[in-house]
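Me: I would like to go through this structure with you. Could we start with the ligand and then turn to the helices?

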Amino acid sequence: MNNKFSSKSAVSKSKYYPVYLSFGSNINNRKRNIEKALAELARNNINQIKISSYYKTSPVGPEQRDFYNLVGKFKTYLTPKELLNRIKEIENYLGRVKTVKWGPRIIDMDILFYSNKIIKEKKLTVPHKEIQNRLFILQPLNEISPNLIHPIYKKQIKTLLKITLTKFNDTVTKI
Ligand code: ADP
Ligand code: MG
């Protein structure tokens with residue numbers, strides 16, 4: 001049984017799930033911060049399936065540097081809670097190398113979708129509750145998975161993007 005030809009079911013301990021994560025940075029080398037986050041995920045066995053281009057987003061409101069944003073599809077064996085803890089650890093790890101002063105974050109990583117699960121817990125809401133309000137999420141998502149269906153709204157990403165484009169006019173530019 002434990003030779004290398006043993007059946008797949010005998011060796012696989014648990015199932016993996018597709019997840020979508022978002023990344024944002026507006027401090028220091030913004031692209032590099034996101035690259036580092038992607039590398040940390042890979043080191044943590046959260047494997048990349050596909051990633052969007054980088055997008056530049058002008059924040060509305062008080063003067064702040066533009067954000068760089070990206071979304072990616074990954075596969076993971078972690079449960080939703082474990083995944084949240086892991087991305088928080090990575091955020092802390094990447095943040096630790098920089099200034100202690102409070103300010104915009106070096107890296108923000110959020111769970112957008114975890115398969116088609118709907119989770120409403122104190123510390124975790126999936127799908128992420130702002131997807132339908134954020135062009136900087138919908139535009140990169142539409143680039144990699146336009147036909148993905150939002151499990152609550154039951155609409156495809158390309159449809160949600162069309163609706164959101166009529167409501168908001170922040171500038172999100174592919175770079
Ligand atoms: P924000 O992402 O809203 O700018 P934070 O990254 O500090 O702010 O997240 C605040 C809290 O949001 C996290 O500590 C986490 O417990 C909670 N949270 C709820 N749902 C999610 C999600 N889908 N992805 C990431 N964090 C989430
Ligand atoms: Mg966050």
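**Ligand shell and helix packing**

Reply: Ligand 1 is surrounded by L84, D108, D110, I111, K123, L124, T125, V126 and H128 (C-beta atoms, placed from the backbone, within 6 Å of the ligand). This is a predicted model, in which local features need pLDDT of at least 70, side-chain atom pairs count only at pLDDT 80 or more, and totals for chains, interfaces and linings use all residues. Residues are numbered from 1 along each chain as its sequence is written, while chains are lettered from A and ligands numbered from 1 in the order in which they are written.

Me: Which element gives the largest share of the shell around ligand 1?

Reply: Strand β5 does, with three residues (strands are DSSP runs of E, at least two residues, and helices runs of H or I, at least four, numbered from the N terminus).

Me: Changing topic, at what angle do the axes of α2 and α3 cross?

Reply: Helix α2 (residues 30–43) and helix α3 (residues 80–96) cross at roughly 135°, and their axes come within 10 Å. Axes are lines fitted to C-alpha atoms, for helices over the stretch in contact, with angles from 0 to 180 degrees between N-to-C directions.

Me: Which residues of α2 and α3 meet there?

Reply: From α2, N33, K36, A37, E40 and L41 meet I90, Y93 and L94 of α3 (contact requires C-beta atoms, placed from the backbone, within 7 Å).

Me: And where does Y55 lie?

Reply: Y55 lies in strand β3, residues 55–57. Y55 and V71 are 16 residues apart in sequence and 9.4 Å apart in space, C-alpha to C-alpha. Leaving aside neighbours within four places in sequence, the contacts of Y55 include N69, L70 and F136.

Definitions and conventions:
Two residues are in contact if their C-beta atoms, placed from the backbone, lie within 7 Å.
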